[in-house]
Amino acid sequence: MDSIKSGREADADFSDYVAARQHALLRTAFVLTGERASAEDLLQTALAKTYLSWSRIRDPRAVDAYVRKVMVNEHTSWWRRAWRHQEHSTGQPPDCVGTAAAGSGQADGVGERDAMWSLVRTLAPRQRAAVVLRFYEDMSEAETAQVLGCSIGTVKSQTSRALASLRRQLSEAGATSPAGGS
């Protein structure tokens, strides 16, 4: 009877966690994948794997890091599969990205954010993951290394390469825009 009760309590704890964190985790998944449907699939897969390991997670503060690590690993795995190359990206972010900003009076920054997002989507998956975790999730190099399962030096080099690529693309875009990038 105790195992049933503890199982129910564990299920309730997991449900509470998902209810509290699903929106933030979905944003992370979206930034990793670039597509709403793929982000939802990625998060669902990560949460399913987390649920299976729920009883082994001892520190409640480590759950977000665990889920992020599962998302990064799963996204990398998806990227490596042949079916990923069969997908066709529209290059358009989902409507929900610009909607919140437009409704809050920040419509002038939406175009710049969309342009930057288009550039971030061109990065290799590991570089994109490093940028997302370092700058979007505001994680330290050590935390990012732990989530990515690599050394701090690898995080630094992946981030550096990603930023160099973004700078180069921004410079090229500025040189080709009629207003000189403004």
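Start by selecting Gln127: this residue is buried, at a relative accessible area of 14% (buried means under 20% relative accessible area, exposed over 50%, partly exposed in between, with a 1.4 Å probe and protein chains only). You are looking at a predicted model, where local features need pLDDT of at least 70, side-chain atom pairs count only at pLDDT 80 or more, and totals for chains, interfaces and linings use all residues. Residues are numbered from 1 along each chain as its sequence is written, and side-chain values use heavy atoms, with hydrogens and water left out.

Stay on Gln127 and show what surrounds it. Setting aside neighbours within four places in sequence, Gln127 is in contact with Gln158, Arg161 and Ala162 (contact means heavy atoms within 4.5 Å). Gln127 itself sits in helix α6, residues 125–136.

Now colour by secondary structure. Helices here (H or I, at least four residues) and strands (E, at least two) are DSSP runs, numbered from the N terminus.

Next, select α6 and α7 (141–148) together. Their axes lie 10 Å apart and the helices pack at about 135°, which makes α6 oblique to α7. Axes are lines fitted to C-alpha atoms, for helices over the stretch in contact, and angles run from 0 to 180 degrees between N-to-C directions; under 35 degrees counts as roughly parallel, over 145 as roughly antiparallel, 65 to 115 as roughly perpendicular and the rest as oblique. To see where they meet, show Arg126, Ala129, Ala130, Leu133 and Arg134 on α6 against Glu141, Thr144, Val147 and Leu148 on α7.

Then go for the largest nonpolar core. It has 38 residues, of which Tyr17, Leu47, Val67 and Met71 touch the most other members. A nonpolar core is a set of buried Ala, Val, Leu, Ile, Met, Phe, Trp, Tyr and Cys residues joined through side-chain atoms within 4.5 Å. Helices that each supply at least two of its residues include α1 (2–33), α3 (63–80) and α8 (152–176). The largest share of this core, nine residues, comes from α1.

Not counting residues up to four places away in sequence, Met71 touches Leu25, Thr28, Ala29, Leu32, Leu42, Leu43 and Ala46.

Finally, zoom out to the whole chain. Of the 182 residues in the protein, 36% are buried. Among contacts between residues at least 6 apart in sequence, 61% join residues at least 24 apart.
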